[in-house]
Amino acid sequence: MPLTDSKQSPQEVWEALKEGNQRFTEDRAQRPNADSSRRMSLRDGQSPRVVVLACSDSRSPVELIFDLGLGDAFVIRTAGHIIDNSVLGSLEYAIENLDCNLIVVMGHESCGAVGAAASVINDGQRLPSGFQRTIVEKVSLSALVSRQNGSAEVADYERQHTQETVRQLLASMPALNTKIVEGSLGVVGLYYGIGDGSVEPLVLHGVR
């Protein structure tokens, strides 16, 4: 089932994303909604069904991974998909003003931010200076949870950080939990494999 510009159930949006990712991994991408008529129609507004919080890494382009087109996804990208007030404000806008039906948090393989945190925690390297320090500090908290659970592997840090980001979102924005219970919103945490192009579900709220 493709994404539409009209309201869809969280499950319908999730199914569309899974189907798009399968096309991407099988080299059958359709590249929808990318022609001139689509561009013209978007001058009057946007109605994305999904909002995606992903890492800024150039190897994880959201629209390509899910075989989406112009106006299909409201995408927020920060290094290590860390959360701050501007991210929360962007998510709030997508849910309240654009009526998105699904939130996706997408971590990925070989994440530089997680790798930097791992070098601090596992190898004792010094925290970076400047603005990068904030990113590594925030990611390190997730990595420490993974260590407490018995794993110091970087891939496990990456997965744990995605799960922790979902938890932070739900804790910071209580209204999301209400929408999940009502059935108007789903929240998904994913792990993207750069090598094979597939997405691994880690957290599912309001969808299956």
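Student: Why is Ser60 called buried?

Tutor: Buried means under 20% relative accessible area, with over 50% called exposed and anything in between partly exposed (1.4 Å probe, protein chains only). Ser60 has a relative accessible area of 1%, so it counts as buried. Keep in mind that this is a predicted model, where local features need pLDDT of at least 70, side-chain atom pairs count only at pLDDT 80 or more, and totals for chains, interfaces and linings use all residues. Residues are numbered from 1 along each chain as its sequence is written, and side-chain values use heavy atoms, with hydrogens and water left out.

Student: Which residues does Ser60 touch?

Tutor: Contact means heavy atoms within 4.5 Å. Not counting residues up to four places away in sequence, Ser60 touches Cys55, Ile65, Arg77, Met106, His108 and Tyr192. Ser60 itself sits in the loop between β1 and α3 (62–65). Those labels come from DSSP runs numbered from the N terminus: helices are H or I with at least four residues, strands are E with at least two.

Student: What makes Pro10 buried?

Tutor: Its relative accessible area is 4%, so Pro10 falls under the 20% cut-off. Pro10 lies in helix α1 (residues 10–25). Leaving aside neighbours within four places in sequence, its contacts include Asn101, Leu102, Ser184 and Val207.

Student: How do you know that β3 and β4 pair?

Tutor: Two strands pair if DSSP finds at least two bridges between them. Strand β3 (residues 102–108) and strand β4 (residues 186–192) have seven, in the parallel sense, so they pass. One of the bridges joins Leu102 to Gly186 in β4.

Student: What makes β2 and β5 edge strands?

Tutor: The open sheet has five strands in the order β2-β1-β3-β4-β5, with mixed pairing. β2 (73–78) and β5 (199–205) each have a single partner strand, so one side of each is left without a neighbour in the sheet.

Student: Why is the space lined by Lys7 and Ile95, among others, called a cavity?

Tutor: On a 1 Å grid over the protein atoms alone, a cavity is a set of points where a 1.4 Å probe fits but cannot get out, and lining residues have an atom within 4 Å of a point. The search of the whole structure finds one cavity of 30 Å³ or more, and about 30 Å³ of space lies in the largest cavity. The volume is the space filled by probe spheres set on the points, which are joined across faces, edges and corners. Lys7, Ile95, Asp99, Cys100, Asn101, Lys179 and Ser184 line the largest cavity.

Note on methods. On a 1 Å grid over the protein atoms alone, a cavity is a set of points where a 1.4 Å probe fits but cannot get out, and a pocket is an open set with protein on both sides within 12 Å along at least five of seven lines; lining residues have an atom within 4 Å of a point.
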